[in-house]
Amino acid sequence: MTVSLGVLTASQDRAAHTPSDRFLIVVSQLVCLLAFLLCGSRIEVDTVCARKLTTSASTELAGYTDSTQVHVASPTVAASVTDAESGVSISGRYLVDVVSAASVDIVSTASPRWDEVRHVGSLEASYQRGPLSVSGSAGVSREPDYLSLSAGAAASLDLLEKNLTPFVGFRYGHDDVGVKGRPRADWELLQKGGLQLGATFVVNHFMIASVQLDADFERGYLAKPYRYIPLFAPGTGVDVSVGAEPSEVHAKRLPERPIERLPSERNRYAVTGRIAARRGPVTIRIDERLYTDSWGVSATTTDARVMIDLGSRVMIWPHLRLHVQSGASFWQRAYELLQTETGEWTIPRYRTGDRELSKLSTYTGGLGGKFRLTDQADSAWHITYQLEAGYTQFFDALYIKSRWSVLSVLGITAQWN
Amino acid sequence: MKTISVLLVLGMLCAAGCVRVPPYRRELLAHPTMLLTSPSGPAESHVYAIQEGASGGGQGAEGGCGCN
C-alpha cells in the first residue's frame, strides 16, 4: 500500500519534476519500502540467522523468434530468501529483453527495422503469520521510449483448516509512453489500476482448484506512437483482401496516413478457473480464462499441462494452449474516409493497425523438462529447458494471415537450506 | 458476468464446505506441481501478453512490453 501511495505522490508531482526525477523518486521510495519491511521484521531476521533459511538463485536465458522477423533474446536472473519459521520471504528479479524487429506490418505502417533493449526489475516481499499472508511487489520496466512503474499488494487467508483460501490483490501502474528523439516532456501518460479477487479450495485429497476474477482499468494513451494507418476511399476498403501484400495496400490507399488513435479508457475483465489433480507420478493442470473488455474484445484461453515425474530426478511436461478472440468494436481491416452530416470528409475517430485487436486464434504446443543435478539434502541444483511453438491465424488483418513462433528457454536454479 | 461470478463463488464455497480433507491426507496436494500459481515463466508469460489481446489470470505487477 505504501508503494502505491508513493507512486501516486510521484504522479501528482509530475508537473514539477522531469520523468528522470520521477523515476528516481519512485525508485528511492521503493528502496525505502524495502528497508522498512526489513526493519519491521528485523527481530525476526536476526533470529532467522540462527535458523535455517531457504535461499534460491536462478538464471534463465530465453530466445524468441517468429515468421515476421521479430527476434528476442532475454536473459533473467532472480533470487529469493525464505524463512518458513518466521514466514518472511523476499525475492527479486532482473530481466533484459533485446528485441530486433522487421515485421512486415511494422515496416509498412510504422517505422523501419528497429532494435531495442528493455530492462525490467522487480522486488517482492511476503509475510505469513498464522492463516494470514500478505505480500507487496514493485517493478520497473525501462526502454528508450517507454518507462513503466508498477506496484501491487495482495493478501490471503487460510480458512476451514486450509481447505479454503480466499485472496485479494491490487495493482497500479504508471507508464510514460514516448517516441525516440522527442523530448521527455512530450511523452504521454498511461495509468493502470487492477483488482484481483478469488479463492483456492481443496476439492478432494488429490485435487485442488481456484477461481479468480480480474478487473483492470487503463486510462491514458493506449495507442502506439509509431503506428500509421492506411486510409482508403469510401467503398474501396472491401476490395483490400485479408493479408494483402504491402504493394497492394500502397496501390489502393489514399495519400493520407493518420497516426493510430485509440480510446483513452479500457476496462478489462477476466474470470480464470484453475484445476490441478495428481495421481501417482502425474499432475494434470488445466487453466481456463474467459475475458471481455470495454473495447469489444472477448476471448477464451485454455492452457493444459501434464507434469510427469520420470524417477526422482526428472520431470517433463507436455503443454498445450489455445487462445481465440474476437476483434475490437472499432477494428477494421481497411479504414475508409467517412462523410459527416455536413458533407465534409473525415477520418475515422478510432483507427488501429494493432493486429492483436483483430479476430485471431493462437495454438501453442511445447515440451518442458526439469532435471535435478545434485543429490545433497541441503542443496539442490536443477536445470530446466522448455521449447514452445506457436501458430497464430489472423482472420481480418492487412499484410499478414498467419505467424509461426518459437520460444526456447534454458534455466538453472540452485537452492540451499 | 455478475451472475456467473456469484454462481462460481457459491459453487466454490459449497465444494469447500462439503469436502474437508484433513492434513494427514494431503500428501498429493503438497506436491510442488499442485501450486495453483501461473506455471508460465517470465519469458513465456511475456510472449502470451504480447500475442494475445486478452489479459488477466496472472499475478504480480509488471509493465512495459518492448513492443512500442
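A:M207 sits across from A:A277, a residue of strand 11 of chain A. Before going further, a word on the ground rules: this is a predicted model, in which local features need pLDDT of at least 70 and side-chain atom pairs count only at pLDDT 80 or more, while totals for chains, interfaces and linings use all residues. Residues are numbered from 1 along each chain as its sequence is written, and chains are lettered from A and ligands numbered from 1 in the order in which they are written.

Helices (H or I, at least four residues) and strands (E, at least two) are DSSP runs, numbered from the N terminus. Two strands pair if DSSP finds at least two bridges between them.

| Strands of chain A | Sense | Bridges |
|---|---|---|
| strand 9 (residues 207–220) and strand 11 (residues 265–279) | antiparallel | 13 |
| strand 11 and strand 12 (residues 282–293) | antiparallel | twelve |

In the second pairing, A:V271 faces A:L290 of strand 12. Strands 11 and 12 of chain A form a hairpin with two residues between the strands, and there A:G280 adopts a positive phi near 60°.

**Chain B against chain A**

Chain B has two helices and zero strands. Of its 68 residues, 35% are buried, meaning that 20 or more other C-beta atoms lie within 10 Å of a residue's own; 12 or fewer make it exposed, anything in between partly exposed, with C-beta atoms placed from the backbone.

Residues are in contact if their C-beta atoms, placed from the backbone, lie within 7 Å. The contact between the chains takes 75 residues from chain A and 38 residues from chain B. On the chain B side, helix 1 (2–18) and helix 2 (42–51) each supply at least two residues, and helix 1 gives the largest share, six residues.

In helix 2 of chain B, the buried residues are B:A43, B:E44, B:H46, B:V47 and B:Y48. Their cover includes strand 1 (54–66), strand 2 (70–83), strand 19 (379–394) and strand 20 (402–416) of chain A.

**A look at A:H119**

Where is A:H119 found? It belongs to strand 4 (residues 114–129) of chain A. A:H119 is partly exposed because 13 other C-beta atoms lie within 10 Å. Leaving aside neighbours within four places in sequence, A:H119 is in contact with A:V96 and A:R142. A:S264, by comparison, is 145 residues from A:H119 in sequence and 26 Å from it in space, C-alpha to C-alpha.

Methods. Two residues are in contact if their C-beta atoms, placed from the backbone, lie within 7 Å.
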